[in-house]
Amino acid sequence: QVQLVESGGGLVQAGGSLRLSCAASGTIFSLNNMDWHRQAPGKQRELVATITSGGKTNYADSVKGRFTISRDNAKNTVYLQMNSLKPEDTAVYYCTAHITPLPDSGMYIYWGQGTQVTVSS
């Protein structure tokens, strides 16, 4: 079994910063891409940032220059540093991990439980 545990959400004023963490644990043969998504009330879920196992990153236009995704492969952990936060960044943030649990298994996408980020104006 694989589990993703997120932390770091909270309430912050506009212009402030937060750092989200997401740690993967359990049966993990290979940990590939890791991502952050978000879903605001009444809106569709949005892919915010992606990082490959080699460290290549990609960002949604809405967060470029403000958010930074990184990972610690030794800890199976992905981070999202969020700076210059805006009220429109308010959402539940979810991490995902593309994991091959066993050498002879396929790759699956696992989701974290979500963490609330609220940015006040």
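This talk walks through one protein model, from its overall build down to a few single residues.

Before we start, please keep in mind that this is a predicted model, in which local features need a pLDDT of at least 70 and side-chain atom pairs count only at pLDDT 80 or more, while totals for chains, interfaces and linings use all residues. Residues are numbered from 1 along each chain as its sequence is written, and side-chain values use heavy atoms, with hydrogens and water left out.

Along the principal axes, the C-alpha atoms fill a box of roughly 50 × 25 × 25 Å.

Of the 121 residues, 41% are buried, and by that word I mean under 20% relative accessible area, with exposed being over 50% and partly exposed in between (1.4 Å probe, protein chains only). The accessible surface comes to about 6400 Å², and 48% of this surface belongs to carbon and sulfur atoms; such areas come from the Shrake-Rupley method with a 1.4 Å probe, and for residues only the protein chains shown count as cover. If we take the contacts (heavy atoms within 4.5 Å) between residues at least 6 apart in sequence, 55% of them join residues at least 24 apart.

Now, which residues does the disulfide join? The disulfide, defined as a pair of cysteine sulfur atoms within 2.5 Å, joins C22 to C95, with an S to S distance of 1.9 Å. C22 lies in strand β3 (residues 18–26) and C95 in strand β9 (residues 91–100), so the pair ties together parts that are 73 residues apart in sequence. The link of C22 and C95 is right-handed, with 50° about the S-S bond, and both C22 and C95 are buried.

Strand β9 also holds T100, which is buried at a relative accessible area of 12%. Leaving aside residues up to four places away in sequence, T100 touches I28, F29, S30, N32, S105, G106 and M107.

A second residue to look at is Y108, found in strand β10 (residues 108–111) and partly exposed at 44% relative accessibility. With residues up to four places away in sequence again not counted, Y108 touches A97, H98, I99 and P101. Between the C-alpha atoms of Y108 and S17, 91 residues apart along the chain, there are 31 Å.

Finally, let us turn to two loops. N76 sits in the loop between β7 (67–72) and β8 (77–82), and S84 is in the loop between β8 and β9. What is phi of N76 near? Phi of N76 is near 50°, a positive value in a residue other than glycine, and phi of S84 is likewise near 50°. N76 is partly exposed at 23% relative accessible area, and S84 also counts as partly exposed, at 42%.

Notes
Helix = DSSP H or I, 4+ residues; strand = E, 2+ residues; numbered from the N terminus.
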